[in-house]
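Open the model in your viewer and keep the selection panel at hand. Each stop below says what to select and what is there.

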Amino acid sequence: MAFSTRERSLTDIPSTALKGESKPHHLANLDFAVLQQCIHCGMCLPTCPTYDTTKLERNSPRGRIALMRNIAEGHLDVTRAFGEELYFCLGCLACETACPAGVNYARMFEEARADIEDAGVLRYAKRDFVRAVMLRFIFAHPLALKALGRLLRLYQVSGLEWLVRKLRLTALLPADLRELEPLTPRIQPDFSDQLIGPVESPAKPGYRVGMLTGCVQDLVYPHVNRDTVDVLLANGCEVVTPAAQHCCGSLHAHNGELTLAREMARKSIDDMERAAGSLEHLDAIITNAAGCGSHLKHYDDLLEHDPQYARRARLWSHKLKDIHQWLAEIGITPPQTTGGSQPSTINYQLPVTYHEACHLCHGQKITQQPRTVLKSIPGLKLVELPESTWCCGSAGVYNITQPEMSHRLLERKLDNIAKTGAKVVASANPGCSVQLEAGARERGEALEIVHPITLLARAYRKGGEHS
Amino acid sequence: MPRISTLNPQLVTELTAILDPKRVLTEREHLLTYGFDGTAALQGEVGVVVFPQTTEEVAKIVRYAAQEKIPIVSRGSGTGLSGGSIPQPNAIVLCLVKMDRILELDEKNLTILAEAGAITQKITEKADTVGLLYPPDPGSMKISTIGGNVAENSGGLRGLKYGITRDYVMGMEVVLASGEVVWLGNKCVKDVAGYSMKDVFIGSEGTLGIITKVLLKLVPRPAAKKTMLAMYATMDAAADTVSAIIAAKIIPCTLEFLDRITIKCVEDFAKIGLPLDAEAILFMETDGHPAVIEEQGKQMEEIARRCGATAVQIAANADEANKLATARRSAFSALARVSPTTILEDATVPRSELTKMIRFIQGVATRHNLRIGTFGHMGDGNLHPTFLTDERNHEEMERVEVAMKEIFDYAIELGGTITGEHGVGLAKKKFLPDAIGNASLTLLRQLKRTLDPDGILNPGKIFD
Ligand SMILES: Cc1cc2nc3c(=O)[nH]c(=O)nc-3n(C[C@H](O)[C@H](O)[C@H](O)COP(=O)(O)OP(=O)(O)OC[C@H]3O[C@@H](n4cnc5c(N)ncnc54)[C@H](O)[C@@H]3O)c2cc1C
Ligand code: SF4
Ligand code: SF4
């Protein structure tokens, strides 16, 4: 998702200001160079999951770009069909990896979705309500998100969930919500701030890093955050973790709420500065969620025209590192082995395969580093996953908005996993993990979906026991 | 500006009677995405797009169109570089991508039979499963259709030793302008019963018939290959190497050339460590019996050094070799990184004239103050001088026009041609008369009139 320096950026017009008017200013204000970059060569078509399924140009990167260009040039209005098309797109960015011309699809995609929301072509009561609750309330206020998490947790552990399913009360839910219900991830009893201290230091600190705990990660996989901190400590990093963190805003940016996304970005910077004193005092800011990372790295573009934040946002983007990327940069401290000729402390009877989250491999071009992490674990046998970079269908809230396409992609992913024979799947994005776990459950397959960093943390702990 | 032609409702009713209505597109948001192919600055009007799934459906559409005299524009994946599939006003765009099955792999006769919409790479992969090779490998192979390849008579990176698409077409099923279906050719290695009609349809750019199935020849996959990269401080030295290798009676499968600008763009995309300080590189590959290629590889390396290569690198393994080939295939699209508009040319000269042609292109760039990135299939004498320009700059576009004409004229003067593999389509139509002469042009016209008397198949392409 490389935002090239040539482009002009968006002006900060509140998304509500133009509601009802269908002047698509977001795309229209994009620099000619961004829109014109696509030479319609078609090299991206075979890597696009939606084109691969339908074989229709409109469902391809090249087709979508053509429509966006027509809108920017005023030859097409922001229509409902256009809106639906841009929400059928996964935002997986496989097209960016494939494109030799360096097309900045992510930028166009976000601007297009902002135009769609402004024009209100997809508006109907239920969607508006869900969007308002999700984007403007729950994912905008950390306490609201936690409260929702607690409620869900209560539902899951109180036996209520069991009862509701048993009595088939889910049949009373509207069809689309009913389908979603099994996707609801298990909410964990403790959130990250209960598991991680504000500042944790190793014996001999070599670096000082800030830690981002994420939203979904924090609710569903808080232990991954604990594991990340442990891994950082084992690699000589002092870890500063702001207690109350805001959502990074990626959900907002991808769903056409650029103004809210900027708001979230400013708050995230504030959170970190408050905890660390200043960003200058940090060697890196660490994220372990691919989807967040790919957005977090672009705060510099997002806040480019904010006089108060532009400089800090540049510093932020410069320091922002995915955990695998950071470990590879500083050189991973290998987990200890039991010594002697027996190199393995953890004996993985079963091989591990690695699923590449779109926003890691396409969004951040991070492909080798997670493999380096996995290969550093003594005794771990990494088997390559066929089509490892093909989207699993999770794609933010895609599994909620486009269940059919999402499910098709999930099936394809699970089939590929089955081909490897691996029962452990390493995946570095909470969205993918939720999706893969739900898929495995549905098929009755015993798959463990685990973050590469969790595997590494386990190896450190094992090594510690033996040495 | 893209326009949508006003639809004839009767036409849509007829088409939806022939095809599942889901395979008849009329919505504006669909149509706008079929107005272009891979050619720069060309855009057409789209009325309706149809996706037949069987030859019978194609035939029915053509019969209806013939009766109503409605033009039909065939389309594969729309990667063409001469505007061949750009629609005419009020035409039916007939897209073959949903006829993409591979029907038969015949190991006894070394042939493969596929529907026209099958993707080139899928054919290569299928052949590979049984140790066979389908050699033509255009840069667009991962998405181009085999029907499009036949209709353009596409070349590839292995043309020097293995030839081009034409050399592998043994037969085809074609729907004629009348809607009649004919089979041309067969699995026989030899066949002289009548005119070789399949050859007429190869390279016909959708103007003579609609190809629905293709029968292709396969060859045994070579046991080994050796891949090398030679770097040069001058383009002349690279061209000299090519001439010297051929003069030494060595026929490698690949001799591809990239100049400095192209190297930079490709490296920006592929990040495989190409030398950014070289003026030119040659990507060379030889395949065959391990002992033979070992010997040939050594000779080629020696020749390259003798001709002034500053360094020669040998790919350590198949993976490295593949990465190089993939990077080379991205050359054209990667050049688009430089400027808003990328116009690719396809001038081809006899191999002995390569050095002259390259020098001439450099001269044209300087004289007209233009940026030209050049790469190409040097072993075939096929160069792709690519103008890196901006279509909004009218004054510069005029200079591009002049420069292009000079390059074409000079290629013809050297005994070459205006297009080696991309076809005439719309983009080179006006240069065709000078390139082939009036007598040939008349013959082309006569053939077109015989096979398509009402001119409904891709009208206005190649010539008016
Ligand atoms: C990045 C890139 C690299 C390329 N590299 C090469 C290369 O190395 N060598 C080379 O030769 N070309 C190359 N090309 C050009 C192009 O890919 C080829 O011409 C290819 O064969 C076109 O296939 P297509 O399926 O996209 O056809 P289209 O572009 O859809 O159609 C091309 C022409 O064929 C006609 N046609 C298509 N299908 C049929 C059919 N079934 N029956 C009758 N007529 C039909 C169309 O009417 C049109 O005139 C490249 C293009 C790109 C974008
Ligand atoms: S997005 Fe890139 S790869 Fe796709 S058609 Fe445009 S230029 Fe080609
Ligand atoms: S982001 Fe993914 S789904 Fe969307 S156009 Fe690109 S490849 Fe296709």
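Start where the chains meet. Select the 41 residues of chain B that are in contact with 33 residues of chain A; contact means heavy atoms within 4.5 Å. This is a predicted model: local features need pLDDT of at least 70, side-chain atom pairs count only at pLDDT 80 or more, and totals for chains, interfaces and linings use all residues. Residues are numbered from 1 along each chain as its sequence is written, chains are lettered from A and ligands numbered from 1 in the order in which they are written, and side-chain values use heavy atoms, with hydrogens and water left out.

**The A–B interface**

Chain B and chain A bury about 3000 Å² between them, 62% of it from carbon and sulfur atoms. Buried area is the accessible area (1.4 Å probe) that two parts lose on being put together, summed over both. Two salt bridges cross this interface. The term stands for a side-chain nitrogen of Lys or Arg within 4 Å of a carboxyl oxygen of Asp or Glu. Show A:Arg58 and B:Glu27: their side chains form a salt bridge, 2.9 Å from N to O.

Now count the polar contacts. Between chain B and chain A there are 13 such residue pairs, both residues at pLDDT 80 or more. A polar contact is a pair of N or O atoms within 3.5 Å; within protein, one must be able to donate a hydrogen and the other to accept it, and residues adjacent in sequence count only if both atoms are side-chain atoms. Then colour α2 (28-31), α12 (331-335) and β16 (341-344) of chain B, the elements that give two or more residues to the side touching chain A. Helices (H or I, at least four residues) and strands (E, at least two) are DSSP runs, numbered from the N terminus. By class, that side of chain B has 15 nonpolar, 13 polar and 13 charged residues. Here Ala, Val, Leu, Ile, Met, Phe, Trp, Tyr, Cys and Pro count as nonpolar, Asp, Glu, Lys and Arg as charged, and the others, Gly among them, as polar.

**Ligand 1**

Stay between chains A and B: ligand 1 lies there. It has 37 residues around it, and B:Ser74, B:Gly76, B:Thr79, B:Ser140 and B:Thr145 come nearest. A residue is near a molecule if one of its heavy atoms lies within 4 Å of it. Zoom in on the oxygen atoms of the ligand. A backbone N or O atom of B:Gly139 is 2.9 Å from an oxygen atom of ligand 1. B:Asn149 places a polar side-chain atom 2.8 Å from an oxygen atom of ligand 1. A polar backbone atom of B:Gly155 is 2.9 Å from an oxygen atom of ligand 1.

Select ligand 2 next. Of its 13 surrounding residues, the closest are A:Cys38, A:Cys41, A:Gly42, A:Cys44 and A:Cys99. The shell divides into 10 nonpolar, two polar and one charged residues.

Move to ligand 3. Which residues are closest to ligand 3? They are A:Cys48, A:Arg64, A:Cys89, A:Cys92 and A:Cys95, out of 13 that surround it. α3 (49-54), α4 (61-72) and α6 (94-98) of chain A each supply at least two residues of this shell.

**Inside chain A**

The buried area is about 910 Å², with 44% from carbon and sulfur atoms.

Next, select A:Arg461 and A:Asp227. They form a salt bridge, with the closest N and O atoms 2.6 Å apart. A:Arg461 sits in helix α26 (residues 452-466) and A:Asp227 in helix α14 (residues 222-234), 234 residues apart in chain A.

**Inside chain B**

Show domain 2 and domain 4 of chain B, which bury about 560 Å² between them, 40% of it from carbon and sulfur atoms. B:Glu152, B:Leu160 and B:Glu205 supply 61% of the area that domain 2 buries against domain 4. Zero salt bridges are counted between these two domains, while four residue pairs are in polar contact across their interface.
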